[in-house]
Amino acid sequence: MNLQSTDFELFGLPPRFALDAGALDARWKELQRQVHPDKFAAQGAAAQRVAMQWSARINEAYRRLKNPLQRAAYLCELNGAPIDAENNTAMPPAFLMQQMELREALDDAASADDLGQIASQSASLQRDMLSKIEQQTDAEQAWPAAAQSVRALMFLDRLAADIDRRRDALD
């Protein structure tokens with residue numbers, strides 16, 4: 001294991017979308033105990049700096065693996081299908097129409113009940129997309145298709161954040 005190991009190698013996990021969250025959490029705690037800078041206080045400043053680098057690397061990997069969207073994007077990139085969301089915005093027309101309808105409904109929402117209905121629909125779409133990504137990555141290893149699904153999930157993630165902001169504004 002070195003600082004250049006993949007996140008999955010670092011945590012001793014198979015490179016899959018579906019993962020055991022409990023195992024990830026337990027391994028994170030174990031790794032943090034091993035590299036905590038205080039353990040290296042007697043060995044001098046250089047050893048503490050290295051321990052801090054390891055701690056930062058472990059935290060970065062943990063955050064990426066813990067978040068389904070980030071984990072899916074990372075898997076795609078590891079397998080030669082970068083997300084490239086800034087330059088690759090092509091989406092299926094049916095998906096774009098669905099997004100436009102949801103955005104219009106969000107703009108027209110006048111009550112907490114309206115927002116609740118949109119949030120419920122958005123959450124359902126997110127769950128469906130996560131299931132699709134798991135199938136595309138773990139079962140089919142269809143990396144370009146998975147990358148497109150990750151880009152779609154990014155749309156849904158932004159929608160969910162916008163719904164939350166509207167809810168906050170209503171309160």
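The legends below describe close-up views of charged residues in a predicted model. Local features need pLDDT of at least 70 and side-chain atom pairs count only at pLDDT 80 or more, while totals for chains, interfaces and linings use all residues. Residues are numbered from 1 along each chain as its sequence is written, and side-chain values use heavy atoms, with hydrogens and water left out.

**View 1. Salt bridge between Asp 7 and Arg 57.** The structure holds 10 salt bridges, each defined as a side-chain nitrogen of Lys or Arg within 4 Å of a carboxyl oxygen of Asp or Glu. In the one between Asp 7 and Arg 57, the N to O distance is 2.8 Å. This pair links distant parts of the chain, with Asp 7 in helix H1 (residues 7–11) and Arg 57 in helix H3 (residues 45–66), 50 residues apart. Helices are DSSP runs (H or I, at least four residues), numbered from the N terminus. Asp 7 is buried because its relative accessibility is 0%, and Arg 57 is buried at 11%. Buried means under 20% relative accessible area, exposed over 50% and partly exposed in between (1.4 Å probe, protein chains only).

**View 2. Salt bridge between Glu 60 and Arg 64.** The closest N and O atoms of Glu 60 and Arg 64 are 3.9 Å apart. Both residues lie in helix H3, four residues apart, about one turn of the helix. Salt bridges that share partners join Asp 7, Arg 57, Glu 60 and Arg 64 into one network. Glu 60 is partly exposed, with a relative accessible area of 36%.

**View 3. Salt bridge between Asp 138 and Arg 16.** The N to O distance is 3.5 Å. Asp 138 belongs to helix H6 and Arg 16 to the loop between H1 and helix H2 (21–35), 122 residues apart. Asp 138 is buried at 15% relative accessibility, whereas Arg 16 is partly exposed at 35%.

**View 4. Arg 71, buried without a salt bridge.** Arg 71 sits in helix H4 (residues 68–78). The nearest side chain of opposite charge (Lys and Arg count as positive, Asp and Glu as negative; His and the chain ends are not counted) is Glu 134, 7.5 Å away. A polar atom of the Arg 71 side chain lies 2.7 Å from the backbone oxygen of Phe 17.

Conventions
Helix = DSSP H or I, 4+ residues; strand = E, 2+ residues; numbered from the N terminus. Polar contact = N/O pair within 3.5 Å; in protein donor to acceptor, adjacent residues only side chain to side chain.
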